[in-house]
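Trainee: I have a structure open and would like to talk it through with you. Could we begin with the charged side chains and then move on to the helices?

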Amino acid sequence: MKIKEQTENLIKGDFRAAAKLITCLDDKKMSAEIIKLIHPYRKKNYVIGITGAPGAGKSTLTDKLIRCFRKQDKTVGVIAVDPTSPFSGGAVLGDRIRLQDHATDEKVFIRSMGTRGHLGGLSSATNNAITILSVLGCDVIILETVGVGQSEVEVMKVADSVILILTPEIGDSIQIMKAGIMEIGDIFVVNKSDRLGKDRIVSEIKMMRELSNKKTDYQSTIIETVANKNEGIENLFKEILLHKDYLYSTNLIDIKRKNRIEKEIENIINDKILEEISAKMLSKEDIAQIVDKVYNKEIDPFTMANVIIENYISKNIIDKR
């Protein structure tokens, strides 16, 4: 594929070019080339993260929010992060099936991405996919996480507003007690609120919100919805807009986005260092010997890691002399 040609098409607003470029993001070299070419053309947009346990109704809420933004004539991009198939290695496309009603809308771009084993509820290429959709001209980007429960806190590092969805079902009370999960939510949604147990889960969210370490002037709101009946969606949409206004009026949006860039650069550096050490220092034989030494208790993993890094640094210093 001619990357330069596709990036030029992307800048012009070509949805097909966006799809082709996102497909290339799993290749790190191609990914770096794409981002270098398109980064200066990033446009202003707003990223909404939707997270929660499997079956909470993330895709249904995403569908409803797309409709709300389209009524405002906003161009919407959706990145639905799905589990990776153990057979094909691709994404299990459940979310895209649920969003088929928007398939013919020329101002809605929907793409499923597999986690590829990446933890935290996102794909390792999520940040770059957001950059592509920004250059494409999406006013709003909705990021729907894979739905792995309490471990998917990574969405808070990527999204401007994070919507945490819970349901009045057995197990949710345990989920919200997990360390870190309450801190990621800017807006709490109790979906399927027509079911028994709704008042209990709302009370527990309020209690945990008071105990949360997340201290800002913005008081996170609890919205009750029944997404499949379109109940509570307008209230949720209004709350998203209020949180957006709060972030812009306090300049917190700039702080969040600069922190995101800092983290992204750190991740790239870490990946490069690991790649460098693996490619230039450690052969398969070296790795096998290292594993054997740790396995036989001759050395612990932390000491071994330090030895490898020190050897790498020493070797580079000698090579440069």
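Trainee: How many salt bridges does a search of the whole structure find?
Mentor: Keeping in mind that this is a predicted model, the search of the whole structure turns up 12 salt bridges. One of the pairs is Asp-160 with Arg-257, whose side chains meet at 2.9 Å, N to O. Asp-160 lies in the loop between β4 (140-144) and β5 (161-166) and Arg-257 in helix α10, so this pair ties together parts that are 97 residues apart in sequence.

Trainee: And is Asp-160 buried or exposed?
Mentor: Asp-160 counts as buried, because its relative accessibility is 0%, while Arg-257 is partly exposed, with a relative accessible area of 23%.

Trainee: Which residue does Glu-224 form a salt bridge with?
Mentor: Its partner is Lys-198, and the closest N and O atoms of the two are 3.3 Å apart. Since Glu-224 lies in strand β7 (residues 221-224) and Lys-198 in helix α8, the pair ties together parts that are 26 residues apart in sequence.

Trainee: Staying with α8, where do Glu-204 and Arg-200 lie?
Mentor: Both are in helix α8, four residues apart, which is about one turn of the helix, and their side chains meet in a salt bridge of 3.5 Å, N to O. Glu-204 counts as buried at 17% relative accessibility, whereas Arg-200, at 37%, counts as partly exposed.

Trainee: Which other residues of α8 are buried?
Mentor: Along with Glu-204, the buried residues of α8 are Ile-201, Val-202, Ile-205, Met-208 and Arg-209. They cover an arc of only 165° around the axis, which puts them on the same side of α8, and on the other side Asp-199, Glu-210 and Leu-211 are exposed.

Trainee: New topic: what covers the buried residues of α3?
Mentor: The cover includes α1 (3-11), α2 (15-23) and α6 (126-136). The residues buried in helix α3 (residues 28-38) are Ser-31, Ile-34, Ile-35 and Ile-38. Because they cover an arc of only 95° around the axis, they are on the same side of α3, and the face turned away from that side carries the exposed residues Lys-29 and Lys-36.

Notes:
Residues numbered from 1 in each chain as written. Predicted model: local features only at pLDDT ≥ 70, side-chain atom pairs only at ≥ 80, totals over all residues. Heavy atoms only, no water. Buried < 20%, exposed > 50% of the residue type's maximum accessible area, 1.4 Å probe, protein only. Helix = DSSP H or I, 4+ residues; strand = E, 2+ residues; numbered from the N terminus. Arc of directions from axis to C-beta. Contact = heavy atoms within 4.5 Å. Salt bridge = Lys/Arg side-chain N within 4 Å of Asp/Glu carboxyl O.
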